[in-house]
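Subject: Handover of a structure and notes on it

Dear colleague,

Please find below the structure that I am handing over to you.

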Amino acid sequence: MRLLIIEDDRESADYLAKAFREVGYVAELAADGEEGLSLAETGDYDVLVVDRMLPKRDGLSLIGALREKGNRTPVLILSALGQVDDRIKGLRAGGDDYLPKPYSFAELLARVEVLSRRHGGPAEETTYRVGDLELDRLSHRVVRGKDELTLQPREFRLLEYLMKHAGQVVTRTMLLENVWDYHFDPQTNVIDVHISRLRSKIDKGFERPLLHTIRGAGYMIRDGIR
Amino acid sequence: MTAFGKLIRTTAFRLTLAYLFLFALFAASLLGYFAWNTRRLITEQITSTVNAEIGEIDDIFGRRGLRGLVFTIENRALRPGANLYLVTTPNGQAIAGNVGSLAPGVMATNGWSETAYRRLEDQDNADHRALVRVTQLSGGFRLLIGRDLEERKRLFGIVANAAQWSLLIVVVLGLAGGVFVARRVLRRIDAMTGTTQRIMAGDLSGRLPVGRSGDELDRLAENLNAMLERIEALMVGLKEVSDNIAHDLKTPLTRLRNRAEEALASSGSDAEYRHALERTIEESDGLIRTFNALLMIARAESGQARGNMDDFDAAEVANGIHELYEPLAEEDGMTLRVKATSTRLHGNRELISQALANLVENAIKYGTPAPSAQPLSAGAADSAESREILIEARRDGNQVLLSVTDHGPGIPEADRKHAVERFVRLEASRTQPGSGLGLSLASAVATLHGGELRLADAHPGLTATLAIPAADTSERVAGQTPDMSKTG
């Protein structure tokens with residue numbers, strides 16, 4: 001997996017590169033907008049991580065230039081501007097995801113993984129399968145082993161999102177954004193409660209749990225033995 | 001720029017000049033019309049008397065012959081202020097009358113003419129002008145009767161004189177008036193400019209002077225004052241925020257630093273370091289949350305989020321928040337219910353959702369009935385009701401009300417206004433986690449939408465209501481300071 005990090009703050013850039021390399025990514029750095037643009041155009045990257053405010057050429061114009069040339073590499077925008085309208089502006093400019101600073105690396109990693117998978121992954125499937133858990137997106141049926149599970153509509157969408165990203169860490173904010181479409185930061189552990197309700201429906205009474213809590217990051221659905 | 005230069009550049013002065021010009025033109029044309037009319041009148045008078053006299057004389061000549069004619073003419077010519085008379089023989093010799101000399105050729109042509117003349121008895125050499133008519137009598141005699149035009153000239157002189165003076169008076173009075181008005185306006189504008197300069201220099205308490213006349217300048221000054229009021233309030237708010245940020249962010253930052261220092265100093269195990277680091281991350285996450293909330297409030301208060309507004313259903317927001325928080329409430333032993341009627345709202349959906357979420361989080365955190373307040377006799381049903389939180393969305397007149405009611409200890413009336421302020425965490429809540437910004441954000445969001453956050457007694461408990469103008473009435477008139485309602 002190849003990453004290009006376009007970030008002008010040397011320390012954050014180095015920290016990010018090191019952290020990504022530790023989890024097995026190839027991470028390259030660019031320190032300003034012009035350099036970033038030329039690297040992004042020539043190199044073959046899976047995901048671009050772009051700071052919004054860059055010297056020489058700002059992040060949004062960089063993305064615009066890339067998109068104009070038909071480059072569809074997924075872009076994650078990092079920005080100190082974290083308000084809803086900034087986010088909308090960023091996504092409109094051609095970004096695929098938007099993460100306000102300061103962020104945790106776990107959050108960034110989870111989002112980058114989802115982005116890279118989205119890029120290379122196959123067309124949307126109608127059925128998701130994890131272990132003996134099966135979710136049919138058309139008939140809204142969820143079956144574990146031989147039992148059919150009854151889920152509330154929101155629980156279904158939560159499970160759908162988790163299963164779509166099976167094997168990937170999904171953070172609480174990602175869930176809040178994608179399942180509930182809220183972009184604020186709740187002061188309480190609302191998401192955890194929803195997850196534990198879902199868990200009691202899909203894992204309770206089964207020998208092997210599928211829905212895992214990833215400490216300090218979020219959740220992941222995965223078949224224990226693979 | 002000199003004072004004079006400033007004066008003549010004022011709009012008032014320029015307008016005065018324009019009016020002055022118009023008035024002068026008007027006066028001049030009026031006098032001109034008057035003069036022309038008088039002249040016409042005098043001429044008409046002369047011609048009619050002369051015509052009558054000629055008829056008369058002709059008649060006398062016909063009846064009494066040359067003797068009668070000469071006699072009558074000589075007689076009339078001797079009267080004081082008399083007309084001009086001249087009778088000549090067919091070969092041009094004067095035989096009667098009071099005219100000494102005439103411009104050449106006048107006597108030869110019949111009809112009206114204006115001519116220079118001299119009277120017989122006149123000793124001076126000055127030429128006078130007269131309007132005369134010459135007729136041919138029978139037998140070749142010619143008769144001239146005319147009238148001196150001195151009177152007409154004099155009248156003309158009077159009119160011209162009057163015109164000069166009146167123009168002069170108009171100009172002088174007009175200029176003086178213009179200067180007076182311009183100076184008056186200029187003084188007031190200068191006062192305003194002085195005040196605004198003081199304000200720009202940093203004295204935000206300055207206000208423009210407002211007169212009593214209620215004219216356009218007063219209204220302008222009033223509006224500017226209202227604007228200054230708002231700016232000052234914002235600045236005070238900003239200062240309060242920075243003070244509070246300094247205080248409330250420094251405390252956790254100091255804690256963070258101390259903990260790191262302590263961990264560094266101690267020779268602990270790996271597990272202990274780990275624990276210290278985890279605590280550090282937790283603490284900084286809290287800081288980030290506080291910071292985000294502060295930015296959000298600042299954003300909402302400055303009105304920047306106004307760009308992202310559209311129409312949506314308040315009931316959807318209420319149902320969405322209910323759906324999100326219902327499991328959390330249940331986990332905390334409460335029941336979260338929703339009662340929403342569909343009603344349109346114009347605003348920033350995300351912000352309103354967040355404001356409502358904050359109210360619900362507050363209700364879950366603080367809405368638990370105080371143990372001491374629970375009478376021992378309270379049955380299971382009572383207790384279930386007292387642990388219920390209700391989200392409501394409905395329309396009331398031209399307002400949309402989004403409210404959250406809990407049955408906890410509530411907020412004493414005296415504290416309610418205070419509770420909305422930033423970082424305020426009432427005594428009872430000090431032990432709970434949170435940034436103390438929830439109500440401030442809700443209030444800022446309500447203000448952004450031209451509404452207000454109301455806190456009221458729910459007997460027992462608290463009803464927090466976001467009252468926001470409905471979609472059809474909301475004209476994005478945000479800005480007024482929210483006012484606390486005393487009653488539910």
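Predicted model: local features only at pLDDT ≥ 70, side-chain atom pairs only at ≥ 80, totals over all residues.

The nonpolar cores

In soluble globular proteins, nonpolar side chains tend to be buried together. The largest nonpolar core here has 107 residues, and those that touch the most other members are L3(A), V49(A), A355(B), L356(B), V360(B) and V445(B). To take one of these, V49(A) touches L3(A), I5(A), I6(A), L76(A), L78(A) and V112(A), when residues up to four places away in sequence are not counted. There is also a second, separate core of 20 residues, with I57(B), L69(B), L102(B) and Y117(B) among them.

The sheet in chain B

Strands of a sheet pair through backbone hydrogen bonds, either parallel or antiparallel. In chain B, six strands make an open sheet whose order is β2-β1-β6-β5-β4-β3, and the pairing is antiparallel. Strands β2 (94-97) and β3 (99-102) of chain B have a single partner strand each because they stand at the edges, so one side of each has no neighbour in the sheet. On average, and with direction ignored, neighbouring strands of this sheet are turned by 35° against each other.

Within the sheet, β5 (residues 128-136) and β6 (residues 142-148) of chain B pair over seven bridges in the antiparallel sense. The bridge partner of R133(B) in β6(B) is I145(B). Helix α2 (residues 11-77) of chain B lies across β1 (84-88), β2, β5 and β6 of chain B, and runs at about 140° to β6(B).

Helix α3 of chain B

Helix α3 (residues 150-200) of chain B has 51 residues, which at 1.5 Å a residue should span 75 Å; the end C-alpha atoms are 72 Å apart, so the two values agree. G178(B), A182(B) and L186(B) are buried in α3(B). The cover over the buried residues of α3(B) includes α1 (3-8) and α2 of chain B. Just after α3(B), G202(B) takes a positive phi of about 125°.

A residue in helix α5 of chain B

L287(B) is found in helix α5 (residues 270-302) of chain B. Is L287(B) buried or partly exposed? L287(B) is partly exposed, because 18 other C-beta atoms lie within 10 Å, whereas a buried residue needs 20 or more. Leaving aside neighbours within four places in sequence, L287(B) is in contact with L249(B), P252(B) and L253(B).

With kind regards

Key
Residues numbered from 1 in each chain as written. Chains lettered and ligands numbered in written order. Core = buried A, V, L, I, M, F, W, Y, C linked by C-beta atoms within 7 Å. Buried ≥ 20, exposed ≤ 12 C-beta atoms within 10 Å, placed from the backbone. Contact = placed C-beta atoms within 7 Å. Pairing = 2+ DSSP bridges. Helix = DSSP H or I, 4+ residues; strand = E, 2+ residues; numbered from the N terminus. Axes fitted to C-alpha atoms, helices over the stretch in contact; angles between N-to-C directions. Expected span 1.5 Å × (residues − 1).
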